[in-house]
Amino acid sequence: MLFRNRFLLLLALAALLAFLSLSLQFFHLIPVSAAKDGVSSKSRKRLMPNPVTEPPVTDPVYEALLYCNIPSMAERSMEGHAPHHFKLVSVHVFIRHGDRYPLYTIPKTKRPEVDCTLVANRKPYHPKLEAFVSHMAKGPGASFESPLNSLPLYPNHPLCEMGELTQTGVVQHLQNGQLLRDIYLKKHKLLPHNWSTEQLYLETTGKSRTLQSGLALLYGFLPDFDWKRIYFRHQPSALFCSGSCYCPVRNQYLEKEQRRQYLFRLKNGPLDRTYGDMARIVDIPIKQLRAANPIDSMLCHFCHNVSFPCTRSGCIDMEHFKVIKAHQLDDERERREKKLYFGYSLLGAHPILNQTIDRMQRAAQGKKGELFTLYSAHDVTLSPILSALGLSEARFPRFAARLIFELWQDREKPREHSVRILYNGIDFTFHTSFCQDHHKRSPKHMCPLENLVHFVKRDMFVALDGNSTNYYDACHREGA
C-alpha cells in the first residue's frame with residue numbers, strides 16, 4: 001500500500017511538472033528548440049526574435065556595423081510578397097557596389113592590409129564563390145559595351161588597389177543574387193527557362209567595382225549563365241541620367257548643399273578637436289587631413305577588423321572614429337531638414353525614374369521587353385532616388401544595398417497594375433511620397449502604377465517649385 005501511494009504521488013508530481021513546462025513554453029517564458037532558419041519546430045509561422053536589436057539612441061558604432069553589412073546569417077526579406085491573385089510582371093533592381101577598398105588614404109600612415117584575391121577557405125565565404133571565379137575566367141571576350149570590355153571581371157590583387165571590390169563585396173552580392181533567385185525565379189518564375197538577352201537589361205558605370213558587383217549578383221541569380229546572352233551597357237554618369245544629364249539648377253542645389261555641409265562642420269567643436277588630434281598624430285596640417293577624407297580609410301579598418309594606424313606620436317583610435325561617424329549621422333539629419341539635397345535629388349533622380357516607369361508601362365501594356373533590370377551603381381546613385389521618393393527614414397546606402405521596384409498585375413482585373421518599392425528587403429511602398437496616403441483612403445492592398453507615373457511625370461516638379469511642368473523647364477528655370 002505504501003509503495004502504491006508513493007508511485008501515485010510521483011506520477012502526480014511528474015504530471016504537474018509536465019503541465020508547468022508546456023505552459024511556460026506556450027507563453028514563451030522559456031525558449032523552445034528552433035529548427036533551421038530560426039523557426040520553431042512546432043510552428044513554422046512563429047519567427048524567433050532578431051538577436052540584433054537597434055539601440056534606443058543613435059550609436060555610431062552600431063550604424064557603422066550596418067553600413068559594413070558583413071555577410072553573416074540568412075536575411076529575411078519582403079521581396080515577392082503580394083496577394084495570391086497578383087502576378088509578377090517585371091522587376092527593376094538598383095544596387096550599390098559591395099564592400100570596397102578605400103578611395104582615399106590617410107597621409108603618412110600604412111595602407112590597411114586587405115587581400116583582394118578570392119579565396120574559398122577565407123571568411124566571408126559563399127558556396128558559389130569558387131564556381132563564380134571559374135565562370136568569370138570564361139568571360140573575357142564576352143560582349144560588353146566599351147569601355148567595360150577592358151575591366152577585370154573579378155578582384156585579383158594580394159593587396160587591394162584603390163576602390164577595388166573585396167571578397168566581402170563579392171560575397172555580399174552573391175548572397176543578394178541567390179536571395180532574388182529564390183524569390184523571383186524559383187517562386188514566381190519571372191524568367192522563362194529559355195530567356196533571351198532582350199528580357200534581361202544590365203547597366204553599370206565604368207568602375208570595376210560596379211561591374212564586378214553586377215556580375216556577382218547576376219551569377220547568384222543565374223548560376224552558370226550563358227555568356228552569349230549577357231550584355232552589360234555602360235552608363236557614364238553615376239546618376240544614370242543617360243542623355244539628360246545637363247541640368248544647371250540641379251548643380252545649383254548641389255552647390256548650396258555642399259555649402260550647408262561646410263557650415264555645419266564648422267559648428268562642430270568636438271569634430272574640429274578630433275581632426276586636430278589626428279592631424280597631430282600623423283604630423284600634417286589639419287586641412288590636408290580633412291581633404292584626405294579619413295573616414296573612408298577608417299571605415300575599411302573598422303569593417304575588416306584591422307587596427308587603426310599608429311605613428312610615433314600616437315594612434316588613431318575608436319574615439320576618433322566615433323566622433324567622425326556621429327557627425328556624419330548628424331549631417332544626414334540636418335540634410336533632410338534643410339531640403340537642399342531634396343531639390344538636388346528630385347532633379348538628379350528624375351531621368352532614371354522616368355526611364356524605369358517607361359519600362360514598367362511597356363510591360364503593363366504586354367509589349368515584349370525587359371523582365372529583369374539590373375543597375376549596378378553607387379551610393380550617390382541610390383541616395384538621390386531614396387530622397388526623391390520621400391524615404392527620409394531609410395538609411396544611407398550601405399555596401400551592397402539594394403532598391404527594388406516590382407510591377408504586379410491583378411489577375412482578377414488584368415488591366416490594373418501595381419508597384420512595390422523595397423529597400424534592403426523592407427517594404428517601403430506606403431512610406432513613399434506617391435503612395436503614403438493611398439492605403440488610408442483605399443481598400444486596395446497594393447499601390448497603383450498610376451500613382452508612380454503621376455509622381456514622376458508631374459508631382460516631382462510640383463514638389464520642386466510648383467511652376468515647372470517638365471524636366472527641361474525645371475533644370476533651366478530662372479532664379480532657382
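Visitor: How many disulfides does a search of the whole structure find?

Guide: This is a predicted model, and a search of the whole structure finds 6 disulfides in it. A disulfide here is a pair of cysteine sulfur atoms within 2.5 Å.

Visitor: Which cysteine forms a disulfide with Cys 116?

Guide: Cys 116 is paired with Cys 160, and their sulfur atoms are 1.9 Å apart. The link of Cys 116 and Cys 160 is right-handed, with 95° about the S-S bond.

Visitor: Where do Cys 116 and Cys 160 lie?

Guide: Cys 116 sits in the loop between β1 (86-96) and α3 (129-136), and Cys 160 in the loop between α3 and α4 (167-187), so the pair ties together parts that are 44 residues apart in sequence.

Visitor: Is Cys 116 buried or exposed?

Guide: Buried means under 20% relative accessible area. Cys 116 has a relative accessible area of 0%, so Cys 116 is buried. Cys 160 is buried as well, with a relative accessible area of 0%.

Visitor: Which cysteine does a disulfide join to Cys 247?

Guide: The partner of Cys 247 is Cys 475, with an S to S distance of 2.0 Å. This disulfide is left-handed, because the torsion about the S-S bond of Cys 247 and Cys 475 is about -95°. Cys 247 is in the loop between β3 (232-234) and α6, while Cys 475 is in helix α15 (residues 471-476), so the pair ties together parts that are 228 residues apart in sequence. Both Cys 247 and Cys 475 are buried.

Visitor: What is the torsion about the S-S bond of Cys 310 and Cys 315?

Guide: The torsion is about 110°, so the disulfide of Cys 310 and Cys 315 is right-handed. The S to S distance in this pair is 1.8 Å. Cys 310 is partly exposed, with a relative accessible area of 45%, and Cys 315 is partly exposed at 36% relative accessibility.

Visitor: What is the pairing when the bonded cysteines are numbered in sequence order?

Guide: The pairing is 1-7, 2-3, 4-5, 6-12, 8-9, 10-11. Cys 300 is in no disulfide, and the nearest cysteine sulfur, that of Cys 160, is 7.2 Å away. Cys 300 is buried, with a relative accessible area of 5%.

Visitor: Next, the backbone. Which residue does a cis peptide bond join to Pro 147?

Guide: Ser 146 is joined to Pro 147 by a cis peptide bond with omega of about 5°. Pro 147 is in the loop between α3 and α4. The peptide bond from Lys 123 to Pro 124 is also cis, with omega near -10°, and Pro 124 lies in the loop between β1 and α3.

Visitor: What is the phi of Asn 305?

Guide: Asn 305 is not a glycine, yet its phi is positive, about 55°. Asn 305 belongs to the loop between α9 (294-303) and β4 (310-311) and is exposed, with a relative accessible area of 73%. Asn 424 has a positive phi too, near 50°. Asn 424 is in the loop between β8 (413-423) and β9 (426-427), and Asn 424 is buried, with a relative accessible area of 14%.

Visitor: Which residues make a nonpolar surface patch of about 280 Å²?

Guide: Patches are made of residues with over 30% relative accessible area and no salt bridge. In this case Tyr 262, Leu 263 and Leu 266 make the patch. Leu 263 is part of helix α6 (residues 248-266) and counts as partly exposed at 38% relative accessibility.

Notes
Residues numbered from 1 in each chain as written. Predicted model: local features only at pLDDT ≥ 70, side-chain atom pairs only at ≥ 80, totals over all residues. Heavy atoms only, no water. Patch = residues over 30% accessible without salt bridge, like charges linked within 9 Å, V, L, I, M, F, W, Y side chains within 5 Å. Areas by Shrake-Rupley, 256 points an atom, 1.4 Å probe, with all protein chains shown as cover. Salt bridge = Lys/Arg side-chain N within 4 Å of Asp/Glu carboxyl O. Helix = DSSP H or I, 4+ residues; strand = E, 2+ residues; numbered from the N terminus. Buried < 20%, exposed > 50% of the residue type's maximum accessible area, 1.4 Å probe, protein only.
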